[in-house]
Amino acid sequence: MGSMEDLQIDLDKLSNTQNHIFSKFDVLTQNVDDIKRVISQISEKLLVLEEAVSDRRKLKNDMTYMKNRIDELYAIVKEGKEDVSVKSEDVRDVESCHSGFSCTSRVAMTTGIDRDTIRSAYDDVRSDGSPTEWAVFKFEGARIVCSARGSDFSEFQTQFSDDERAFGYLRLQMGDEMSKRKKFMFVTWVGPNVSVINRAKMSTDKAIIKDIISVSILV
């Protein structure tokens, strides 16, 4: 009788051990599946990272090319030479603003400027007898024009959107009641959605418009 009881106890222990092993095996299987899933996610992220690095290299090369090209075009406009690196059908007449007078140079992709309207707006802002306190200059295609002018600063603030480049010119009253003086601020605006190429052109475009505008403060 005792032997049967001992045998039953051993069988129960064996059954419990077997159940424990099965439980451990299930946990191990689940862990293996989790590891496989993590490895798959890491592989996907590595692939995305490799693509991002490749795109970044390409973007850096494109920006370097654009910077060099802009420097070349600036020199061409300034010296009044013809850009022989582009085909004739891709070349158009634009107004050169890096000299003290108006002239035309055959340059590809170079920014032009409406000198008369910008000069008029500039003089209007600077005039003591004019209520105009600001003017905004924007791009119409590849040409800078005066897009708006006014006296209300809150209206001036609404002139700039996330998708565009622009310049602003303001008249400011400085000092106190005993000593008032005027200052003029030049604002360069590049919206967050502006392309890399157009961002790169802003330094050259700003130099063009500053041939007309004299400022006290740059922003």
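Which residue lies over the face of Phe184?

## A charge over a ring

Arg126 lies over the face of Phe184, at 4.1 Å from the ring centre. Arg165 is placed over the face of Phe139, at 3.8 Å from the ring centre. A charge sits over a ring if NZ of Lys or CZ of Arg is within 6 Å of the ring centre and within 35 degrees of the ring normal.

## Basis of the model

This is a predicted model, in which local features need pLDDT of at least 70, side-chain atom pairs count only at pLDDT 80 or more, and totals for chains, interfaces and linings use all residues. Residues are numbered from 1 along each chain as its sequence is written, and side-chain values use heavy atoms, with hydrogens and water left out.

## Aromatic pairs

Rings of Phe, Tyr and Trp (its six-membered ring) pair if their centres lie within 6.5 Å; planes under 30 degrees apart count as stacked, over 60 as edge-to-face and the rest as tilted. The count by this rule is 8 aromatic pairs. The rings of Phe153 and Phe156 are stacked, because their centres are 5.7 Å apart and their planes at 25°.

Both Phe153 and Phe156 belong to helix H3 (residues 153-157), where they are 3 residues apart, about one turn of the helix. Helices (H or I, at least four residues) and strands (E, at least two) are DSSP runs, numbered from the N terminus. Phe156 is buried, at 5% relative accessible area, whereas Phe153 is partly exposed, at 45%. Buried means under 20% relative accessible area, exposed over 50%, and partly exposed in between (1.4 Å probe, protein chains only).

## The ring cluster

Ring pairs join Trp134, Phe153, Phe156, Phe160 and Trp189 into a cluster.
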